[in-house]
Amino acid sequence: MTRRPTAEEGIDLAPYIDHSLLNPIATSEQVAQWCAECDRYGFAAVCIAPSHVAQAVDLLHNSKVKVCTVIGFPTGAATSATKLYEAQEAAERGADELDVVINLGWLKEGKTEAIHREIATICEETGLLVKAILETAVLSSAEIALAAEVCMDAGVSFLKTSTGWQGGATVEVVRQLWQLTQGRVGIKASGGIGTAAQAVALVQEGATRIGTSRGVELLRQQKEDPIQS
């Protein structure tokens, strides 16, 4: 079971960070930069679009850094067959982790069995670590709780707050997810995390990964202002 760090403990953000490059105009040169930064700073993973997975796997093959990609991103509204194909292709190309956007329309309609089946199939067919993206900014507290339970029952390893396209992580949502999970699965806080202080606050509330494109900047802030750790 994962535990939350206490307020008195210093937090090194580097091993929490999924260094994300999900801009649709990202280039191969930028992917190479992100991978190099992950390896240099000891980030948990690089998170890139599916089309960049093979490049990232090649660049990081001698590194402990995981290669993460997104499935059904950013809407979650692709068909289950499309999501499964995308996930299987990512696995074949060497991805270690999949951040899968749940079907939010189904959640709003109460079609939890369909969500469960879709996520469980991806978990089972790929065998990879799966993070379910809940897009909490567009959900009520009750919907967040329902989505969390369905996804945990389907076999995910993490619950992820957001794509960053509809809003971002908040300490309130991370606190709720921690209360729901009690360390049974990881929590990835993502979207709008621009300062080290924000990231540390999210970790203190239970986040075990931080999804951000500003990973290097967060570490710089921590170094310059140790209070933020």
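This is a predicted model: local features need pLDDT of at least 70, side-chain atom pairs count only at pLDDT 80 or more; totals for chains, interfaces and linings use all residues.
Q: What share of the 229 residues in the protein is buried?
A: Buried means under 20% relative accessible area. The protein exposes about 10,200 Å², with 50% of that supplied by carbon and sulfur atoms. Among the 229 residues, the buried share is 52%.

Q: How many disulfides does the count come to?
A: A disulfide needs two cysteine sulfur atoms within 2.5 Å. The sulfur of Cys38 has its closest cysteine sulfur in Cys35, 6.2 Å away, too far for a bond. For Cys68 the closest is in Cys47, and because the gap is 3.7 Å, that pair is also too far for a bond. The count comes to 0.

Q: Is Cys68 buried or exposed?
A: The cut-off for buried is under 20% relative accessible area. Cys68 has 0% relative accessibility, so Cys68 counts as buried.

Q: Which backbone oxygen does the side chain of Thr69 reach?
A: Thr69 is found in strand S3, residues 66–71. Thr69 is buried, with a relative accessible area of 0%. Leaving aside neighbours within four places in sequence, its contacts include Ala49, Pro50 and Val53. At 2.7 Å, its side chain reaches the backbone oxygen of Ile48.

Q: Which residue forms a salt bridge with Lys83?
A: Side chains of opposite charge can pair when their charged atoms come close. Here the closest N and O atoms are 2.7 Å apart, and the partner of Lys83 is Glu118.

Q: How many residues apart in sequence are the parts that Lys83 and Glu118 tie together?
A: Both Lys83 and Glu118 are buried. Lys83 lies in helix H3 (residues 80–92) and Glu118 in helix H5 (residues 112–126), so the pair ties together parts separated in sequence by 35 residues.

Q: Which helix holds Glu143, in the pair with Lys108?
A: Lys108 and Glu143 form a salt bridge, with the closest N and O atoms 2.9 Å apart. The pair links distant parts of the chain, 35 residues apart: Lys108 is in helix H4 (residues 104–109), and Glu143 is in helix H6 (residues 141–154).

Technical notes: Residues are numbered from 1 along each chain as its sequence is written. Side-chain values use heavy atoms; hydrogens and water are left out. Helices (H or I, at least four residues) and strands (E, at least two) are DSSP runs, numbered from the N terminus. Buried means under 20% relative accessible area, exposed over 50%, partly exposed in between (1.4 Å probe, protein chains only). A polar contact is a pair of N or O atoms within 3.5 Å; within protein, one must be able to donate a hydrogen and the other to accept it, and residues adjacent in sequence count only if both atoms are side-chain atoms. Contact means heavy atoms within 4.5 Å. Accessible areas come from the Shrake-Rupley method with a 1.4 Å probe; for residues, only the protein chains shown count as cover. A salt bridge is a side-chain nitrogen of Lys or Arg within 4 Å of a carboxyl oxygen of Asp or Glu.
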